[in-house]
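Subject: Structure handover

Hello,

Here is the structure I said I would pass on. My notes on it follow below the files.

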Amino acid sequence: MSLNIQIVFPMCAMFLLTVCVLLKVLIGRYSAVRSGTTRLSFFKTFQGQEPEESVQAVRHFANLFEAPVLFYIACLLGMILPVQGLPFVVCAWMYVIARTLHAFIHLGKNDVLKRMRAYVFGWLMLIAMWLLIAIKATIILTTT
């Protein structure tokens, strides 16, 4: 299988992570309403206080539509150019692993230093992916 097609699998894994966090949000909100911690009417206008666990999961879910968007774009560019090579695919998988670790830390004990390390490592992998894309684009431009 071509390496530029293998990049689809880390993309699917990131999507799966996003779905899992969404489920955590929905389950947390349902539990808060069921236990009486939050009134159902809160979700009409989001006025009042949402439980901390729910806020944390919602914030993490929103975060999955920030930097990971650059990951998805990098993956698509990697397929289009094509950036074929093991380093690109490994960086993509390492990014997904870092984001998964970040999610477990954030939605678990929320150790800020550990969470920050996972976040920074993910960014380093994303930067590496973009550098590989820039190198490939430069090669294409100079050879045409």
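Contact, as used below, means heavy atoms within 4.5 Å. Please keep in mind that this is a predicted model.

By that contact criterion, and leaving out residues up to four places away in sequence, Thr 38 touches Ala 32, Val 33, Phe 43, Gln 49 and Pro 51. Thr 38 sits in the loop that joins α2 (8-35) to α3 (42-45). Its relative accessibility is 4%, so Thr 38 counts as buried.

Helix α7 (residues 112-143) has 32 residues. From its first C-alpha to its last, α7 reaches 46 Å, close to the 46 Å expected at 1.5 Å a residue. The buried residues of α7 are Ala 118, Gly 122, Met 125, Leu 126, Met 129 and Ile 133. Among the elements that cover these buried residues of α7 are α5 (67-80) and α6 (86-107).

There is also a nonpolar patch on the surface, formed by Leu 113, Met 116, Val 120, Phe 121, Leu 124, Ile 127 and Leu 131. Together these residues have about 640 Å² of accessible area. One of them, Ile 127, is placed in α7 and counts as partly exposed because its relative accessibility is 42%. As background, an α-helix has 3.6 residues a turn, so residues three or four places apart point the same way.

On charged pairs: how many salt bridges does a search of the whole structure find? The search finds one. The partners are Arg 59 and Glu 66, whose closest N and O atoms are 3.2 Å apart. In general, side chains of opposite charge can pair when their charged atoms come close. Arg 59 is partly exposed, with a relative accessible area of 43%, and Glu 66 is partly exposed too, at 39%.

On cysteines: the count of disulfides comes to zero. Cys 12 is in no disulfide, and the nearest cysteine sulfur, that of Cys 75, is 10 Å away; the cut-off for a disulfide is 2.5 Å between the sulfur atoms. Cys 12 counts as partly exposed, with 44% relative accessibility. Cys 20 is in no disulfide either, the nearest cysteine sulfur being that of Cys 12, 13 Å away. The relative accessible area of Cys 20 is 42%, so this residue is partly exposed.

Regards

Notes. Residues are numbered from 1 along each chain as its sequence is written. This is a predicted model: local features need pLDDT of at least 70, side-chain atom pairs count only at pLDDT 80 or more; totals for chains, interfaces and linings use all residues. Side-chain values use heavy atoms; hydrogens and water are left out. Buried means under 20% relative accessible area, exposed over 50%, partly exposed in between (1.4 Å probe, protein chains only). Helices (H or I, at least four residues) and strands (E, at least two) are DSSP runs, numbered from the N terminus. Patches are made of residues with over 30% relative accessible area and no salt bridge: like charges are joined within 9 Å, nonpolar side chains (Val, Leu, Ile, Met, Phe, Trp, Tyr) within 5 Å. Accessible areas come from the Shrake-Rupley method with a 1.4 Å probe; for residues, only the protein chains shown count as cover. A salt bridge is a side-chain nitrogen of Lys or Arg within 4 Å of a carboxyl oxygen of Asp or Glu. The expected span of a helix is 1.5 Å times one less than its number of residues.
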